[in-house]
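Dear colleague,

I am handing over the structure that we discussed, and I would be grateful if you could look through it with the notes below at hand.

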Amino acid sequence: MSSSDTTPRTDHEAILRLDNVTRVHGTDGTAVRALAGVSLAVRAGELVAVMGPSGSGKSTLLNLAGGLDAATSGQVLIEGQSIGTLKGDALARLRRRRVGFVFQDFNLIPSLTAVENVALPLELDGQRVSRARRRAVDALTMVGVQELADRYPDKMSGGQQQRVAIARALVGDRRLVLADEPTGALDSHTGEGVLRVLRERCDAGAAGLLVTHEARHAAWADRVVFLRDGVVVDSTGSAETAEALLEPTA
Amino acid sequence: MSVKQGLLALLATEPMYGAQLRSEFEARTGGTWPLNVGQVYTTLARLERDGLVEAIGEDAEGRISYRLTRAGQAEVARWWVSPVTRETTPRDELVIKLALAVTVEGVDVHRVVQTQRTATLRHLQDLTRLKQRATTHHEAAEDGDGQVDLAWLLVLENLIYAGEAEVRWLDHVEARLVREANRPRRPASATPGTTATTTDPAMGAIAGDQSTTTKGAPR
């Protein structure tokens, strides 16, 4: 199986689309295929989980989706725009405006308050501070932690920090959230609260891609995609195939 | 599941008649293990015979209510403090299927694992949606309803953890099959005529797994 398309290609609503994406590290003799012919779409309102063993290509997929890495072949589109053709400033601008990341270790800037952390991508994008702060407060309200606006990260619990990180990922016009094991550093109850917030934001119109190795967490998604050796081997959204498991006997 | 213990525990809250016991049991376990009303009446008859419950009369519609006797109360108290024993291992079709798949020639075991994992994940997605709904309902509920929601949430979470354990086990099976395929093998003729014993006790523990590496070899 070289490629597996889990979504129709005619869908214009897709916030994120990967078309037959391959990523090869190294050259010729030492080339390693991290991702091979992966096609995937995440629509507005949809949360898609990616599962797979270590080294299956989950992180590569997320990095490509967020424009942190470039595909060797195939294309990645964010809100219809192919990011492979963008360079330097243009790519950075698209990332600031359209894509948010949520990491296992929250990645908030310790010297900034919650509202300053959330407003940062808007301010870096040239928005007036007052407007950026207003939109940051809106984003904090969406994830239910508006009362933490003036608090610094070291005065927040892990679950609160991760909610702030989700607010930052979806501040302003950002509609694509890429989450890499967002519950990895949280206890089970807190982790579930964070997944609920992520689910709610997707239900409200965001598009989410969630990398996780926990089936219990992946189950919050609308679709679960399995990667192995850089290839999509199955998806809970695809039609079941009924191929014979037994080879014909001689 | 012991229907007997379940009915006794419900009767510890207040006297009830058969149909009431059935609906209370199902409300608290989310209908996951439905009881038929015949089963309830048969069990009540047996409990009455054994002196654990007694009838306290009929209502206008002819329904007989039961309450616990002193012996019944003692039985319930004993049940709460006794561990549930799992003396028999229930027959699990998936475990049997995989045990057979690794020993029957020509089966694509990875495919069996992947198909099951996808199906289990879909089941987990359904359970998670139910749980989301139940959680929302629970948070909005009045005190009385809240307890029944809590019981249903606990049942759902048990099913979710069981599904997760199944996926983890399937991941483990897959990883083990890969390790087995890459494991260096000893020449089959190294110790002809001797029994398959080894000085390394750990080797003995995995002797049962060697079927995956001896696919097609004469036994």
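What follows is an account of the interface, then of some contacts inside the chains.

Please keep in mind that this is a predicted model, in which local features need pLDDT of at least 70 and side-chain atom pairs count only at pLDDT 80 or more, while totals for chains, interfaces and linings use all residues. Residues are numbered from 1 along each chain as its sequence is written, chains are lettered from A and ligands numbered from 1 in the order in which they are written, and side-chain values use heavy atoms, with hydrogens and water left out.

To begin with the interface, 24 residues of chain B and 29 residues of chain A take part in the contact, where contact means heavy atoms within 4.5 Å. Together the two chains bury about 2,200 Å², of which 50% lies on carbon and sulfur atoms; buried area is the accessible area (1.4 Å probe) that two parts lose on being put together, summed over both. Of the area that chain B buries against chain A, 24% is supplied by B:Arg111, B:Arg122 and B:Gln125, more than by any other three residues.

Across this interface there are 10 residue pairs in polar contact, both residues being at pLDDT 80 or more (a pair of N or O atoms within 3.5 Å; within protein, one must be able to donate a hydrogen and the other to accept it, and residues adjacent in sequence count only if both atoms are side-chain atoms). On the side of chain B that touches chain A, the elements giving two or more residues are helix H6 (109–140) and helix H7 (143–182) of chain B, and H6(B) provides the largest share, 15 residues. Helices (H or I, at least four residues) and strands (E, at least two) are DSSP runs, numbered from the N terminus.

The interface also holds 4 salt bridges, a salt bridge being a side-chain nitrogen of Lys or Arg within 4 Å of a carboxyl oxygen of Asp or Glu. In one salt bridge, B:Lys131 pairs with A:Glu192, with the closest N and O atoms 2.7 Å apart.

Within chain A, A:Glu79 forms a salt bridge with A:Arg98, the closest N and O atoms being 4.0 Å apart. This pair links distant parts of the chain, 19 residues apart, with A:Glu79 in the loop between strand E5 (73–78) and strand E6 (81–82) and A:Arg98 in helix H2 (residues 88–98) of chain A. Over all chains, a search of the whole structure finds 27 salt bridges.

Within chain B, B:Trp152 is found in helix H7. Leaving aside neighbours within four places in sequence, B:Trp152 is in contact with B:Arg28, B:Thr29, B:Gly30, B:Thr32, B:Leu130 and B:Ala134. The C-alpha atoms of B:Trp152 and B:Glu26 are separated by 9.4 Å, although the two residues are 126 residues apart along the chain.

With best wishes
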